[in-house]
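This briefing groups computed features of one structure by topic. It is intended to be read beside the coordinates.

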Amino acid sequence: MRVVAAMSGGVDSAVAAARAKEAGHDVTGVHLALSRNPASYRSGARGCCTIEDSNDARRAADVIGIPFYVWDLSAEFHEDVVQDFMDEYAVGRTPNPCLRCNERIKFAAVLDRARALGFDAVATGHYADLRPGSGASAGLVELHRAADAAKDQSYVLGVLDQDQLRHALFPLAGTPKPEVRREAAARGLLVADKPDSHDICFVADGDNAGWLAEKIGDRSPQPSGEWGGDIVDDATGEVLGQHTGTYGYTIGQRRGLRIGRPAPDGKPRFVLDIEPVSGTVRVGPREGLRIDGLSGIRPRWCDAAPVRDVPLTCTVQLRAHGAEHAAVLTVRDPSAEGSVEVELLEPAEGIAPGQAAVFYDGTRVVGSATIATTRRAA
C-alpha cells in the first residue's frame with residue numbers, strides 16, 4: 001500500500017514508520033505542524049508540536065530512507081482542538097484534547113488529505129491492535145487493546161469509526177515500549193532515548209489554569225463580566241471562600257482550593273460540581289465524588305453499533321489511564337448526535353462531564369461517547 005507515516009518526532013512513530021517500510025509498503029513520512037507559532041507551544045521533549053520535534057522526525061525519515069514532508073494543519077488544530085478545549089472549560093466541562101486530536105486531526109484531516117493524494121492508509125505509533133472481525137463483526141475491522149497494558153492507547157482511539165480503522169495501521173500493537181526503544185537504537189534512530197511527551201501539548205508550561213485565565217478570562221457568563229464566584233459547601237450551602245474563575249477547577253480536584261480552613265471532620269474537601277453561570281464551585285467529602293450512572297452524547301462506534309434500547313453488559317473506561325468498570329450500556333439513539341445511558345455496576349470517582357466514556361467487550365473497543373451528566377451514588 002501507499003502509506004503516510006505520521007511522524008511526531010518521537011520514538012514510537014519513528015519505529016512505526018520503519019516497520020511499515022520493512023513490511024513492503026511505499027511509505028512517506030509526514031510531520032504535522034500544529035502550532036501557528038511553534039515557540040508558543042512546548043519546547044524540548046515535552047510535547048510533539050515543536051520545531052525540535054519536526055527536526056527529529058526529519059532525521060528519522062532520513063535514516064529510514066523515506067520521503068518526508070511537513071503538513072501545516074495549524075488552522076484545523078486550533079479550531080478543532082484548542083478552541084474546543086477553551087469552549088468546554090468555559091461551560092464547566094472537562095475535555096480530553098488528545099482524544100479530540102486523534103478524532104479530528106490525525107484520523108480525519110490527515111486521512112482525508114492522504115486519501116485525496118492517493119495514499120491508502122495512515123500509520124501511527126499508537127499502541128493499539130487492529131484485527132479482522134469475527135461473528136457479528138465479520139467483514140469489519142476491530143480495534144483492540146495493545147499487548148502492553150501500560151502503554152495501551154485504545155481509550156484515545158475510541159472515537160474512530162469503521163472507515164477510519166480500515167485505513168489505519170498501528171505497527172506497534174504487540175510490542176512492549178522497552179523493546180521499541182531497543183529496536184530504535186538498533187536501527188540507528190537518534191530518538192531511541194527521547195522522553196515521551198506528556199500533558200497537553202499546547203499549554204507551554206503545564207499550567208492549565210493559568211493558560212485558560214489568559215485565553216478565556218474575558219468570556220465570563222456573568223452580567224458583571226467577572227469570572228469570580230463562591231466556593232460553597234455542597235451539604236450545608238455555607239460559603240467557604242471565593243475563586244477567580246470556574247475554569248480553574250475540575251471535578252475531583254483536591255489541591256489549590258485555597259479555602260483556608262479545614263472541614264469540621266478534618267478530612268480533605270474535593271470539587272464536586274461546577275456551575276459556570278452562577279460562578280459557584282461546590283466542594284465536599286470524597287464520598288460525594290462517587291457516581292453509579294451517567295448519560296453520554298455524540299456516540300462514536302468503532303464497528304457495528306449496539307442494538308438500540310437493548311442493554312449490553314460491557315466494561316467502560318472513563319479516563320485515559322483509568323481502570324475499567326463493569327457496566328450496562330443502553331443505546332437510546334446510535335446516530336452521531338444520539339445518546340447513551342450507562343449504569344455502573346461498581347461506582348467510579350471524580351468523573352466530570354466532557355470526559356470520554358469508552359466501551360469495551362473484553363479487549364475489543366465497542367465505541368465511545370462524551371459524558372453529558374453523571375448520577376451521584378447513594
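**Structural briefing**

Strand β8, residues 229-233, pairs with β9 in the antiparallel sense, and four bridges join the two. The model is predicted.

**The open sheet**

- The sheet is open and consists of four strands in the order β9-β8-β11-β10, with mixed pairing.
- Its edges are formed by β9 (239-243) and β10 (270-275); each has a single partner strand, so one side of each is left without a neighbour in the sheet.
- Neighbouring strands of this sheet are turned against each other by 25° on average, direction ignored.
- Within the antiparallel pair of β8 and β9, G229 stands opposite H243 of β9.

**Nonpolar cores**

- The largest nonpolar core comprises 29 residues, and L32, F77, I105, F202 and W211 have the most contacts inside it.
- Two or more residues of this core come from each of β2 (26-33), α3 (74-90), α4 (97-116) and α7 (208-216).
- The greatest contribution to this core is that of α3, which gives seven residues.
- Another core lies apart from it and has 27 residues, including V3, A5, V27 and L189.

**Cavity**

- One cavity of 30 Å³ or more is present in the structure.
- The largest cavity holds about 30 Å³ of space.
- Its lining is made up of N96, L99, R100, G354, Q355, A356 and T370.
- By residue class, the lining of the largest cavity divides into four polar, two nonpolar and one charged.

**Residues with positive phi**

- Most residues other than glycine have a negative phi.
- R258, which is not a glycine, has a positive phi of about 55°.
- R298 is placed in strand β12, which spans residues 290-301.
- R298 counts as partly exposed because its relative accessibility is 33%, a value between the cut-offs of 20% and 50%.

Definitions and conventions
Residues numbered from 1 in each chain as written. Predicted model: local features only at pLDDT ≥ 70, side-chain atom pairs only at ≥ 80, totals over all residues. Heavy atoms only, no water. 1 Å grid on protein atoms, 1.4 Å probe; cavity = no way out; pocket = protein on both sides within 12 Å on 5 of 7 lines; lining within 4 Å. Points joined across faces, edges and corners; volume = space filled by probe spheres on them. Nonpolar A, V, L, I, M, F, W, Y, C, P; charged D, E, K, R; others polar. Core = buried A, V, L, I, M, F, W, Y, C linked by side-chain atoms within 4.5 Å. Buried < 20%, exposed > 50% of the residue type's maximum accessible area, 1.4 Å probe, protein only. Pairing = 2+ DSSP bridges. Axes fitted to C-alpha atoms, helices over the stretch in contact; angles between N-to-C directions.
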